[in-house]
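These are my notebook entries on a structure that I looked up. I wrote them in the order in which I worked.

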Amino acid sequence: MKKFGVVIFPGSNCDADCYHALRDVVGVPTEYIWHEERDLSGYDGIVLPGGFTYGDYLRTGAVARFAPVMEAVAGFAEKGGLVIGICNGFQILLEAGLLPGAMLRNAHQRFSCKYVNLRVETPDTVFTRMARRGAVWRMPIAHGEGRYYADPQALAELEAGEQIVFRYCDESGSITEEANPNGSVGNIAGICNKKRNVLGMMPHPERCCEQMLGSTDGRFVFEGMVSGLVGGVFAED
Amino acid sequence: MKARIVITLKQTVLDAQGATVQKALCNLGFSDVNEVRMGKYIEVVVADGSEAEVRQQVDEMCKKLLANPIIEDYRFELEGQEGKK
């Protein structure tokens, strides 16, 4: 049976939501991993949850990337293990250099906390394998620093490698300025690495896995990861 | 020896905080304010050594942690290195 781990850093606050979504809703064995852990053997998927690690001191994710567990996460990702960074987890992946680019304060001086529409730009990742290209998923965001930035060259590389996984869009799937909640370049809401086993996304799939929460689209992300693992295509062991 | 480090967003990056403060200053009546850029100021005290050594050390600190070279520029000056060149 495959096993997932949810990392807890000082200041993580979406860890319990991720744990619940994986263990209770999706139904996959899941454990918490303390940030001082250095050994991730036995895990198949790792979640870096949202929150305000280390108080967001210096820059979001800047200090968390030096936590002992992050070296293990880098090695785990290198070997093909699945890693998903959500919100602050995305910011940590950027600071750690596991994904390209950086995060800035929202362009319109607001903490954005609302449901948004996301266009699935590529179904060619475990995280989006349940979608067809161009599908629109509804998920909540909750962040003050979610303005994704990459310089033109890095952006061109992301485009060329089809590494842009989600873009903010309107209900019909059109990428518009009005649908961009934070000023991210190219409406980017989520990207993956070249090997396509590491995903960073600002929206919170763990907060929308049950109908009573307003949407169940988040389940697709986790179920995609689990079914990808069961297929054995992505784990390199 | 003390390093006084100033970190700012690159000119090519929109400074949302600075833009907001600029608007507030204009609302206050300072209508001549054309631009505000906000940044961080950090003081780091390190053991005395040769200026070149300390300079290299602080530069590395900035590159590895204190600044994010993708979005930020940094500069610093050293204080207290007199006579220790």
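Which residue is the bridge partner of B:L9 in strand 3 of chain B? I found that B:L9 has B:E72 as its bridge partner in that strand.

**Entry 1: conventions.** I noted that the model is predicted, that local features need pLDDT of at least 70, that side-chain atom pairs count only at pLDDT 80 or more, and that totals for chains, interfaces and linings use all residues. Residues are numbered from 1 along each chain as its sequence is written, and chains are lettered from A and ligands numbered from 1 in the order in which they are written.

**Entry 2: elements of chain B.** I recorded two helices and three strands in chain B; helices (H or I, at least four residues) and strands (E, at least two) are DSSP runs, numbered from the N terminus. Read from the N terminus on, the elements follow the pattern β-α-β-α-β. I then looked at the radius of gyration, which is taken over C-alpha atoms, while the globule rule is 2.2 Å times the number of residues to the power 0.38. For 85 residues the rule gives 12 Å, but chain B has 16 Å, well over that value, so chain B is more spread out than a compact globule. The C-alpha trace of chain B spans about 50 × 25 × 15 Å along its principal axes. I also noted that 16% of the 85 residues are buried (20 or more other C-beta atoms within 10 Å of the residue's own; exposed means 12 or fewer, partly exposed in between; C-beta atoms are placed from the backbone).

**Entry 3: the sheet of chain B.** I found an open sheet of three strands in chain B, in the order 2-1-3 and with antiparallel pairing; two strands pair if DSSP finds at least two bridges between them. Strand 2 (39-45) and strand 3 (72-79) are the edge strands, each pairing on one side only. From one strand to the next the twist averages 20°; axes are lines fitted to C-alpha atoms, for helices over the stretch in contact, and angles run from 0 to 180 degrees between N-to-C directions. Strand 1 (residues 2-9) of chain B is joined to strand 2 of chain B by seven bridges. Within strand 2 of chain B, B:E43 is the bridge partner of B:R4, and B:Y41 stands opposite B:V6. Strand 1 and strand 3 of chain B pair over eight bridges, also in the antiparallel sense.

**Entry 4: where the chains touch.** I counted nine residues from chain B and ten residues from chain A in the contact; two residues are in contact if their C-beta atoms, placed from the backbone, lie within 7 Å. Helix 1 (residues 16-27) of chain B supplies three residues, the largest share of the side of chain B that touches chain A. That side has six nonpolar, three polar and no charged residues (Ala, Val, Leu, Ile, Met, Phe, Trp, Tyr, Cys and Pro count as nonpolar, Asp, Glu, Lys and Arg as charged, and the others, Gly among them, as polar).

**Entry 5: chain A overall.** I listed five helices and eleven strands in chain A. Buried residues make up 55% of chain A. The average pLDDT of chain A is 95, and 97% of the residues score at least 70; pLDDT is the predictor's confidence in each residue, from 0 to 100. Residues 232-237 of chain A have pLDDT below 50. Where pLDDT is low, the predicted coordinates should not be read in detail.

**Entry 6: the sheet of chain A.** I found an open sheet of nine strands in chain A, in the order 2-1-3-4-11-10-9-6-7, with mixed pairing. Strand 2 (30-34) and strand 7 (136-143) of chain A are its edge strands. Strand 1 (residues 4-8) and strand 2 of chain A run parallel and are joined by five bridges. A:I8 stands opposite A:W34 in strand 2 of chain A.

**Entry 7: one residue of chain A.** Is A:N187 buried or exposed? I found A:N187 to be buried, because 22 other C-beta atoms lie within 10 Å. A:N187 is in the loop between strand 9 (164-169) and strand 10 (188-192) of chain A. Leaving aside neighbours within four places in sequence, the contacts of A:N187 include A:R167, A:Y168 and A:C169.
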